[in-house]
Amino acid sequence: MKYTPREIVDEVNITPVHPLVNFGYLMGTVVTAGVTLYVGLGIAGAQIAARMGPKAETQVGKVVFDSLFTGASLIHEGQQFDYVEALAESLLTDELKQRPELQVHIMEEYSPNAMVIPGGHVFVTTGLLDDIETENELAFVLAHELGHFEHRDTLRSLGRSLVFLSLNSLLGFSGVQLPPFLTSSISLADLHYSREQEERADIYAIEMMQERYSHVDYSLDFFKRLNEQELDLGVANRLLEWQSTHPLTESRIEQLETLATQRGWALEGEPTPLPDQLD
């Protein structure tokens, strides 16, 4: 029987799917795998860091403090410092008293801000103290930072950051660089986690205000004044909400007031005045 080869047609070895579609599938797979790997390792790093004992956390806090704040202008004495320290210590829960000893620092900085780092280091700026009008406002800000401390958010964030830095270092030694679209996707994943931390710290703080003052009035006044300033930004403010690790001030106020109403807490009450050295 004579063999008759088939005629070669133009469609041989040509996929019916457009090459750009295949490329899109490939990039989507790479992004998904990269983000999944980062999130998975980040969660593991965060969980390990959050299980640190008090001694280890104190040592980590010292390293972070020495790295970031050596040479910074910090205040650790005077009537203003004594008051802020006493107020912060009065907000400590039984759980926090088992953690590294609280260390309060007043930073000479014009911008109003507050922060906490591992090891129980809580910072407030002189700009914040200049803007505060009642003890209720300052107590809420301090309680918010203590919420991060109690939930071990600083340790979790540090654990995730160390994982990401380690990955970058390994890739750097191998000569491989993460593509920009992948690092952007990772940043958005980290942003969402940070927002959850902020919202949880807000709830922690407002609960503490209710317990301390039997109402939540005046606690959010500092943020309401910030909100009035943010309104001048108009529509662009929504873009800032997406970019910021903190939820938009307006959103924070609405969420907390709604929570207070749902729980039957008083939204009106008498303010607790600041002492003369802070007024």
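Start by selecting Phe 65, Phe 69 and Phe 123: ring pairs link them into a cluster. Rings of Phe, Tyr and Trp (its six-membered ring) pair if their centres lie within 6.5 Å. This is a predicted model, where local features need pLDDT of at least 70 and side-chain atom pairs count only at pLDDT 80 or more, while totals for chains, interfaces and linings use all residues. Residues are numbered from 1 along each chain as its sequence is written, and side-chain values use heavy atoms, with hydrogens and water left out.

Searching the whole structure gives five aromatic pairs. Zoom in on Phe 69 and Phe 123, which are stacked at 4.2 Å centre to centre, with 20° between the planes. Planes under 30 degrees apart count as stacked. Phe 69 belongs to helix H2 (residues 54-69) and Phe 123 to strand S4 (residues 121-125), so the pair ties together parts 54 residues apart in sequence. Helices (H or I, at least four residues) and strands (E, at least two) are DSSP runs, numbered from the N terminus. Both Phe 69 and Phe 123 are buried (under 20% relative accessible area, 1.4 Å probe, protein chains only).

Next, select Arg 99 and Phe 149. Arg 99 lies over the face of Phe 149, 4.5 Å from the ring centre (the rule: CZ of Arg within 6 Å of the ring centre and within 35 degrees of the ring normal).

Last stop: the largest cavity, with about 30 Å³ of space. A cavity is a set of points on a 1 Å grid over the protein atoms alone where a 1.4 Å probe fits but cannot get out; lining residues have an atom within 4 Å of a point. Select Leu 220, Phe 223, Thr 249, Arg 252, Ile 253 and Leu 256 to show its lining. Helix H10 (residues 249-262) gives the largest share, four residues.

Technical notes
Rings of Phe, Tyr and Trp (its six-membered ring) pair if their centres lie within 6.5 Å; planes under 30 degrees apart count as stacked, over 60 as edge-to-face and the rest as tilted. Buried means under 20% relative accessible area, exposed over 50%, partly exposed in between (1.4 Å probe, protein chains only). On a 1 Å grid over the protein atoms alone, a cavity is a set of points where a 1.4 Å probe fits but cannot get out, and a pocket is an open set with protein on both sides within 12 Å along at least five of seven lines; lining residues have an atom within 4 Å of a point. Grid points are joined across faces, edges and corners, and a volume is the space filled by probe spheres set on the points.
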